[in-house]
Amino acid sequence: MTVSIDAARLPLDALADTPPWWRQATVYQIYPRSFADADGDGLGDIRGILSRADYLAELGIDAVWLSPFYPSELADGGYDVADYRDVDPRLGTLADVDDMLAALHARGLKVVIDIVPNHTSDQHAWFREALAAGRGSAARERYIFREGSGPDGAEPPTDWTAAFGGSAWVRVADGQWYLHSFAIEQPDLNWAHPEVRADFVRTLRFWSDRGVDGFRIDVAHMLTKDLSEPLPSAAELAAIPVDGNHPLLDRDDVHEVYAQWREVFDSYDPPRTAVAEAWVASDRVPKYASPESLGQSFNFDLLVADFDAGQFRAIVTHNIDLAARSGSSSTWVLSNHDVFRHATRYGLRDLPAVDEDGAVPRRHGAGWLESGADQARLDRVGGERRARAATLFLLGLPGSAYLYQGEELGLHEVAEIPGDQRQDPTYFRTHQEQYGRDGCRVPLPWTTEGPSFGFGDGGAHLPQPAWFAGHSVAAEEADPDSTLSMYRRALALRHDLQTAEELVWIDTDRADVLHFARPNGWQVVTNFGTEPYPLPEGAGAVLLTSAPVDADAAASTGVVAAEQTVWLAPA
Ligand code: NOJ
């Protein structure tokens, strides 16, 4: 008797010759302080995540990635880590993390956590020790301390600026200066120091031993630095090519660090995974994504692209080619905790560069406006429609898809945050010039009412707007046309349809329509334009559309409506 096995329906590691789980996984990013609050203190926590384990499993994802949950003074949303091997007491305990890992693993979900190696918090024991020990001490060697410039060293060593604005140097009580590429409270580590290297290996082992499946590596391209004197000025720095020898960025020698980490990852069964957050020129991405280095790297091209067929096609083709060069799989991202949500980006696209009164609207990233009048210009419905279409396009691509909490609800950026309640250092360091990232970090709405829409009993640490009610999980679960319903259907189908990591473009006679097929015949058609596009002759059955209409209705109309994506079954 012959038994036929439908390999596509088996868990990925069930067959020895199937690819590792991460290659085409859907990874859902949780920003723990804003996901769910079990203890009612207004901050999301680990037991909150645990309480929503069924929600995560029912969504149909393969893995979660947790932004930092370590002890932190929250100068940068937790990316200022005071202790890499512990849990912020406001978020829980190590035992809670163990329980969460068990609950997620029991539901077949992998867990990826964030490692922040470029800098510690200024509350880290090493930095406190460095301050106390004074200039010339061994403790200061773990960081980047320098004497100032000018006659009495009262000027910073260089005129470099930090990513969040202002000088990249801070003077300490005894007159020395330390380097911080990000917030003042995030002193950069000295990666030439063997103790720094050894300590991160210990951290990776600590979490791997507890059962964590992989790591997301924060600013993976900035760890190693050449700070030999004389230090270049900002203008000189800007003129140095970033080709592997730049003093601060994307140095080739950073891969020596990752080669050591690779030995750690591969000493586990299954090997632990890693994905680099490396903002580097695309031809340098394969170095991070190679199996000798971190194994996978984020591709942020779609995150900064317009909702535009030409841009999307070029990005996809280019990144599949890059993935082939490293042997890794592609990664695709439309939203994360650092950028305006994609529904909002796509809803602001037609804004004028200059206001009627001649003022340049305040923008950040792909455009953001804050006053009541400015908000009125946001095309909420159109933004969400385009976001749904872009998401279904992305979920059809070969490789792994990274989703950000709340995008499955079609959430827009929250603009209504008063200045005195903002948290992002970007807002303060740029003297309110840039609003920063708080608007995508507002606690999730779970219910249609209640003081924090079901986030927790103690309110929310960033204010939630009234319109969250209609975008809550409860509201969307009850609506078959909601964005949540679309994500659930898409993710379930994606599991069944997933196939080899290839894609073939199918010609369309329109520059604003993209059509591609996967090796098993699964097809994706996205109409970026405003005119309906007739479905191709002999196309397979319509499986799903991004429009809030069911697939049968779409099939009967025979068109891909404006700004919509349709998935077609193998013909
Ligand atoms: C990148 C993280 O995604 C961002 O949130 C953080 O502010 C910087 N790295 C600094 O750690």
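1. Contact between the domains. In this predicted model, 19 residues of domain 1 are in contact with 14 residues of domain 2. Domain 1 covers 22-117 + 194-484, and domain 2 covers 125-179. The centres of the two domains, taken over C-alpha atoms, are separated by 30 Å.

2. Buried area. The size of an interface is often expressed as the accessible area lost when the parts come together. Here domain 1 and domain 2 bury about 1,300 Å² between them, and 64% of this lies on carbon and sulfur atoms. Of the area that domain 1 buries against domain 2, 36% is supplied by L227, L231 and R429, more than by any other three residues.

3. The rule finds 2 salt bridges across the interface of domain 1 and domain 2, together with 7 residue pairs in polar contact. On the side of domain 1 that touches domain 2, α5 (194-209), α6 (234-239) and α13 (425-429) each supply at least two residues.

4. The side chain of E229 forms a salt bridge with that of R146, at 3.1 Å from N to O. E229 is also joined to P230 by a cis peptide bond, with omega about -5°. P230 is placed in the loop between β7 (214-217) and α6. That loop, between β7 and α6, also holds V219, which has a positive phi of about 30° although it is not a glycine.

5. A further cis peptide. D269 and P270 are likewise joined by a cis peptide bond, with omega about -5°. P270 lies in the loop between α7 (254-266) and β8 (273-276).

6. Salt bridges. Side chains of opposite charge can pair when their charged atoms come close. The count by the rule applied here is 32 salt bridges.

7. The three-stranded sheet. An open sheet of 3 strands has the order β4-β6-β5, with antiparallel pairing. β4 and β5 are at the edges with a single partner strand each, so one side of each has no neighbour in the sheet. β5 pairs with β6 (residues 177-179) in the antiparallel sense over 3 bridges; V170 stands opposite Y178 in β6.

8. The five-stranded sheet. A further open sheet consists of 5 strands in the order β11-β12-β13-β17-β15, and the pairing is antiparallel. Its edge strands are β11 (504-505) and β15 (542-545), each of which pairs on one side only. β13 (residues 523-527) and β17 (residues 564-568) run antiparallel and are joined by 5 bridges. N527 has Q564 in β17 as its bridge partner.

9. Helix α12 (residues 380-395) lies across β11, β12 (513-517), β13, β15 and β17, and runs at about 30° to β17. Helix α15 (residues 483-497) packs on the sheet as well, touching β15 and β17, and its direction makes about 140° with that of β15.

Note on methods:
Residues numbered from 1 in each chain as written. Predicted model: local features only at pLDDT ≥ 70, side-chain atom pairs only at ≥ 80, totals over all residues. Heavy atoms only, no water. Pairing = 2+ DSSP bridges. Helix = DSSP H or I, 4+ residues; strand = E, 2+ residues; numbered from the N terminus. Contact = heavy atoms within 4.5 Å. Axes fitted to C-alpha atoms, helices over the stretch in contact; angles between N-to-C directions. Domains from an automatic or database assignment. Buried area = accessible area lost by both parts, 1.4 Å probe. Salt bridge = Lys/Arg side-chain N within 4 Å of Asp/Glu carboxyl O. Polar contact = N/O pair within 3.5 Å; in protein donor to acceptor, adjacent residues only side chain to side chain.
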